[in-house]
Amino acid sequence: MAARIVTREHITGWMFVAPALILLGIFMIFPIAWSLWMTAQTGRGLNFAFGGFANIQRLLGDTVFLRALGNTMVFLVVQVPIMITLALLFAVALNDTKLWGRSFFRTAIFLPCVTSLVAYAVLFKSMFSAEGVINTAITAIGFAPIPWLTDPFWAKVLIVLAITWRWTGYNMIFYLAALQNVDRSIYEAARIDGVPPWARFVYLTLPMLKPVILFTTVISTIGTLQLFDEPYNITQGGPADATLTLSYYIYNLTFKFMPSFGYSSTVSWVIVVLVGILTFIQFMVTRERQAK
Amino acid sequence: MTANDTSIALERETTTAMSPHVFFRYVRRTLLYVALSIAAFVSIFPFYWMVVGSTNPSPDIAHGKATFGTYLFQNIATFFATVDVPRMFFNSAFIALVGTTLTLIVSSLAGYGFEMFKSRFRERIFAFLLLMLSIPFAAIMVPLFIMMSRLGLINTFTAVIVPGIASIFIIFYFRQASKAFPGELRDAARIDGLNELQIFIYVYLPVMRSTYAAAIIIVFMANWNNYLWPLIILQTEQNKTVTLIVSALSYAYVPDYGVIMISAVFATLPTVLIFFLLQRRFVEGLLGSVK
C-alpha cells in the first residue's frame with residue numbers, strides 16, 4: 001500500500017517536471033553537446049569535416065579573436081569592479097532610514113535597468129555623438145570635445161560608462177535587500193565603541209554582504225563576457241575593432257561573414273571556459289577570506 | 001552679530017571636542033547628498049534626453065539641443081510613415097505575451113514538481129540544471145540557429161519563443177518560492193479528492209499570486225527587451241519587433257534622430273509603465289532569486 005503511494009507520487013513528480021525537462025533537453029542540453037562537437041569540425045556553411053584541434057589552433061593565430069578577447073577582458077576587469085563598488089556605496093547610503101528623499105534616490109538609480117538594452121544603447125549613441133549633448137556640455141565648461149565614437153580608447157570608455165549606467169542600480173537592489181537582513185544592533189554597538197564609518201563599512205558591512213557580492217560578481221562576469229547589445233548598437237564594434245567583444249565576434253563569424261559554424265562554436269566555448277575559470281576563482285577568493 | 005559673538009563661537013569651536021566632529025558630519029552629509037543627486041541626475045538624464053529628443057528635429061538632436069522643441073508631431077508622423085508601427089507593436093506584444101504565458105506554465109509546473117515531489121534522481125537533475133545556468137547563450141546560439149533553419153522555422157515567432165519557455169532561472173525561482181507553500185493546504189485538498197494537477201491549478205496558483213506577478217514582470221521584460229535571438233531569427237521587415245526596429249533605425253545611413261527617439265520611447269514605455277505600476281512587486285520579484 002505504502003509502496004504504491006510512493007510510486008504514484010514518483011510518477012506525478014515526473015509529470016510536473018517533464019515538459020520543462022523535454023524542452024531543456026531539446027533546446028539547451030542538445031545544443032550544448034552539439035556545439036561541443038562542432039568545435040572539432042571545420043568547413044563552411046553546413047558542410048562539416050572533422051578537423052581535430054584545427055579550430056583551437058586557428059584561435060591562437062587569429063588576431064581579431066585575440067583582440068575581441070582582450071577587449072572583453074578589459075571591459076570585465078575595468079567595469080565590474082567600478083559598478084560593484086558604486087552599487088555598494090549607493091546601497092549603504094540608501095540603507096540609512098534617516099536619509100531624506102531615500103525612495104526617490106532609490107527609484108532614480110534603479111530606473112535605468114527598466115530600459116531595453118537596445119533603446120538605451122541608441123540613446124547613448126546620440127548623446128555621445130561628435131557634436132552631441134555631452135560634447136556640447138564639455139566644450140561649454142571649456143574643455144576640448146572628446147572623440148567618443150571615433151577614438152579606440154574613448155569608445156571603450158563609452159561602453160564602460162554605458163554598462164555602468166544600465167546595471168549599477170540592478171546590483172544595488174541586491175545589496176539593499178541583503179542589508180535589510182543585517183542586525184542593526186551590531187552597527188549601534190560599533191558606533192558606541194567609536195568605530196569610524198569607513199571601518200564599519202570595511203569590517204562589518206563588507207563581510208556580511210560577501211555572499212551577495214559574490215553572487216552579483218558572478219552574474220556580472222557572465223553578463224560582461226556575453227556583451228553584445230551595447231557594442232553592436234553604440235559603436236558597431238569599432239573604431240578598428242576597439243569595442244569588438246567575443247559575442248559580437250561569434251555573431252560576425254556566424255551571420256555576417258560566410259558562416260563558419262565550427263569555428264564560431266569554438267569561440268563560444270572560450271566564453272564557457274572563461275565563465276568556469278572566473279567563477280571558480282571568485283568562489284575560491286571568498287572562501288579563503290572566510291577561512292581567515 | 002558682534003565681534004564678541006564670533007570670538008565666543010570660535011572659542012567654543014576650538015575648546016570643545018564636539019565641534020569638529022559635528023562639522024565633519026555636516027560636511028559628510030552634504031557630500032553624500034551631492035553625490036546621490038549627481039547619481040540620480042545621471043540616471044534620469046538619458047530619459048529626459050529621450051523625451052526632449054522626440055520633440056526636436058534630427059539636426060538639433062545631433063547638435064546637442066537639450067530643451068523641448070515643437071517637432072513632436074512631425075517626428076511621430078515620420079515614424080508612422082517609415083515603420084509599420086501597429087505591426088511592430090503586435091509582433092513584440094505577441095512574442096512577449098505568448099512567451100510569458102508559456103514560460104510561466106511550463107517553468108512553474110517544473111519548479112512546483114521539483115519541490116513537492118522529491119526524489120534522489122530528480123535532485124541530481126536539478127543540481128545539473130543549476131550548473132547549466134552559467135552556460136552563456138552564445139554557446140548554444142549557433143546550434144540553435146542551425147536547428148531552427150533545418151526545421152524551417154527561420155523568420156517565425158515559434159523559433160523566437162520556444163527555446164525560452166523552459167527557463168532554468170524561473171524554475172529555480174518557483175522552486176524557492178514553493179518552499180513557502182503550506183503543506184496542510186495540499187493535504188486538505190487531497191482529502192477533498194482533488195488530483196495533483198487540480199491541486200496545482202485550484203490551490204497552488206491562487207495562493208502564489210504574488211510570486212506569479214513578479215515572475216510575469218521578469219519574463220515579460222526579458223521577452224520584450226530580447227534582442228540578439230530575434231535579430232538572428234526574424235529576417236523580414238514585417239516580422240521585426242520593437243527593439244529590432246529601434247536598432248535598424250539607428251543603423252540607417254542617415255539616421256533620423258527624432259524618429260529614433262520616438263521609437264525609443266515606444267520601446268521603453270511598456271516596461272517603464274509596468275515598473276511604476278508594480279514597483280513593489282517588481283523589486284520583490286528581482287529579490288526572489290536571492291532569498
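So, burial in chain B: of its 291 residues, 40% are buried, where buried takes 20 or more other C-beta atoms within 10 Å of a residue's own, exposed takes 12 or fewer, partly exposed is in between, and the C-beta atoms are placed from the backbone. Keep in mind that this is a predicted model, where local features need pLDDT of at least 70 and side-chain atom pairs count only at pLDDT 80 or more, while totals for chains, interfaces and linings use all residues. On labels, residues are numbered from 1 along each chain as its sequence is written, and chains are lettered from A and ligands numbered from 1 in the order in which they are written.

What's the secondary structure of chain B? We get 16 helices and zero strands; these are DSSP runs numbered from the N terminus, H or I of at least four residues for helices and E of at least two for strands.

Now contacts, meaning C-beta atoms, placed from the backbone, within 7 Å. Among chain B contacts with a separation of 6 or more, 74% join residues 24 or more positions apart.

Let's look at one helix pair. In chain B, α5 (residues 85–116) packs with α12 (residues 209–225) at about 140 degrees, axes 9 Å apart. The axes are lines fitted to C-alpha atoms, for helices over the stretch in contact, and angles run from 0 to 180 degrees between N-to-C directions. That angle makes α5(B) oblique to α12(B), because under 35 degrees counts as roughly parallel, over 145 as roughly antiparallel, 65 to 115 as roughly perpendicular and the rest as oblique.

Who's touching? From α5(B), the contact includes Ser92(B), Ile95(B) and Gly99(B), and from α12(B), Tyr212(B), Phe220(B) and Trp224(B) are among the residues. By class, that contact has nine nonpolar, five polar and no charged residues. Nonpolar here covers Ala, Val, Leu, Ile, Met, Phe, Trp, Tyr, Cys and Pro, charged covers Asp, Glu, Lys and Arg, and the others, Gly among them, are polar.

Next, the domains. Chain B is assigned domain 1 (3–75) and domain 2 (84–287), with bounds from an automatic or database domain assignment. Their C-alpha centres lie 39 Å apart. Where they touch, domain 1 of chain B gives eleven residues and domain 2 of chain B gives eight. On the domain 1 side, α2 (18–53) and α3 (58–62) of chain B each give two or more residues.

Last, the two chains. Chain A and chain B each put 68 residues into their contact. On the chain A side, helix α1 (residues 2–38) has the largest share, 17 residues. That side divides into 44 nonpolar, 20 polar and four charged residues.

Note on methods
Two residues are in contact if their C-beta atoms, placed from the backbone, lie within 7 Å.
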